[in-house]
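Thanks, everyone. Please have the sequence and the structure in view.

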Amino acid sequence: MTIYFYKVWEPYGCFSNFSPHGIEIRGTYWSTVEHYYQAQKFVGSVDAAIIPSIYAAETPEQAAALGRCSTRQLRSDWDAVKTQVMKEAVLKKFLTHAEIRDTLLATGDNLLVENSPNDYFWGCGADKTGENCLGKILMNVREEIRNLLCRYQ
Ligand SMILES: Nc1c(N[C@@H]2O[C@H](COP(=O)(O)O)[C@@H](O)[C@H]2O)[nH]c(=O)[nH]c1=O
């Protein structure tokens, strides 16, 4: 079976990066994975001054809008690091919040797909041919947490 997710208020909404599950990474608490991910786009760039605004954005939608502004310059290595940035944040989210960790583990070996109509990198896109990198990260995190639990039980 394939489990599709996208919006927070839809089934499996806790798999969305916009879900209200904060993460602490290197001593800073971010209110969603999306806040953290969007801010990392500008670390070391000439537009790094935007980071505090992304951090303080009231909603993940606002954080994403700031991070997606096309006139700002992304860090030069963004394409090379973005998947690892996302992986670290998603892993931290599911290690931190037990209730959504249980939801993730309960998906067993089902395929997880971010059903984004316009994102062919993180999601599957409108025609389902996208790379689904967020779904792959979630399945990877699921496997990692399962292995961790085996070792400590
Ligand atoms: N869930 C979700 C989205 N999808 C998320 O958008 C992020 C990619 O952003 P970018 O790299 O700036 O294009 C990534 O976290 C992906 O999971 N986008 C939305 O506008 N609304 C939403 O509810």
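Start with overall size. A compact globule of 153 residues would have a radius of gyration near 15 Å, and the protein chain has 15 Å, so the two agree. Keep in mind that this is a predicted model. Along the principal axes, the C-alpha atoms fill a box of roughly 45 × 40 × 30 Å. As for burial, 31% of the 153 residues count as buried.

Now the fold. The protein chain has 6 helices and 4 strands. Read from the N terminus, the order is β-β-β-α-α-α-α-α-β-α.

On to the core. The largest nonpolar core holds 27 residues. Val33, Tyr36, Ala89, Val90 and Leu138 have the most contacts inside it. Which elements give two or more residues to this core? They are H1, H3, helix H4 (78-96), strand E4 (111-114) and helix H6 (133-152).

Pick out Val90. Setting aside neighbours within four places in sequence, Val90 is in contact with Val33, Ile137, Leu138 and Val141. Two of those partners, Val33 and Leu138, are also on the list of residues with the most contacts inside the core.

Next, the ligand. There are 15 residues around the ligand. Those that come nearest are Ser16, Asn17, Phe18, Arg68 and Trp122. Helix H1 (33-40) and helix H3 (60-67) are the elements that give two or more residues to this shell. H1 and H3 also each give two or more residues to the core. By type, the shell around the ligand divides into 6 nonpolar, 4 polar and 5 charged residues.

Last stop, Phe121. Where is Phe121 placed? In the loop between E4 and H6. Buried would take 20 or more, and exposed would take 12 or fewer.

Look at what sits across from Phe121. Glu131 is 10 residues away in sequence, yet the C-alpha to C-alpha distance between Phe121 and Glu131 is 5.1 Å. Beyond the neighbours within four places in sequence, Phe121 is in contact with Gly130, Glu131 and Cys133. Of these, Cys133 falls in the range of H6, 133-152.

That's the tour. I'm happy to go back to any part.

Methods: Residues are numbered from 1 along each chain as its sequence is written. This is a predicted model: local features need pLDDT of at least 70, side-chain atom pairs count only at pLDDT 80 or more; totals for chains, interfaces and linings use all residues. A residue is near a molecule or strand if its C-beta atom, placed from the backbone, lies within 6 Å of it. Ala, Val, Leu, Ile, Met, Phe, Trp, Tyr, Cys and Pro count as nonpolar, Asp, Glu, Lys and Arg as charged, and the others, Gly among them, as polar. A nonpolar core is a set of buried Ala, Val, Leu, Ile, Met, Phe, Trp, Tyr and Cys residues joined through C-beta atoms within 7 Å. A residue is buried if 20 or more other C-beta atoms lie within 10 Å of its own, exposed if 12 or fewer, and partly exposed in between; C-beta atoms are placed from the backbone. Two residues are in contact if their C-beta atoms, placed from the backbone, lie within 7 Å. The radius of gyration is taken over C-alpha atoms; the globule rule is 2.2 Å times the number of residues to the power 0.38.
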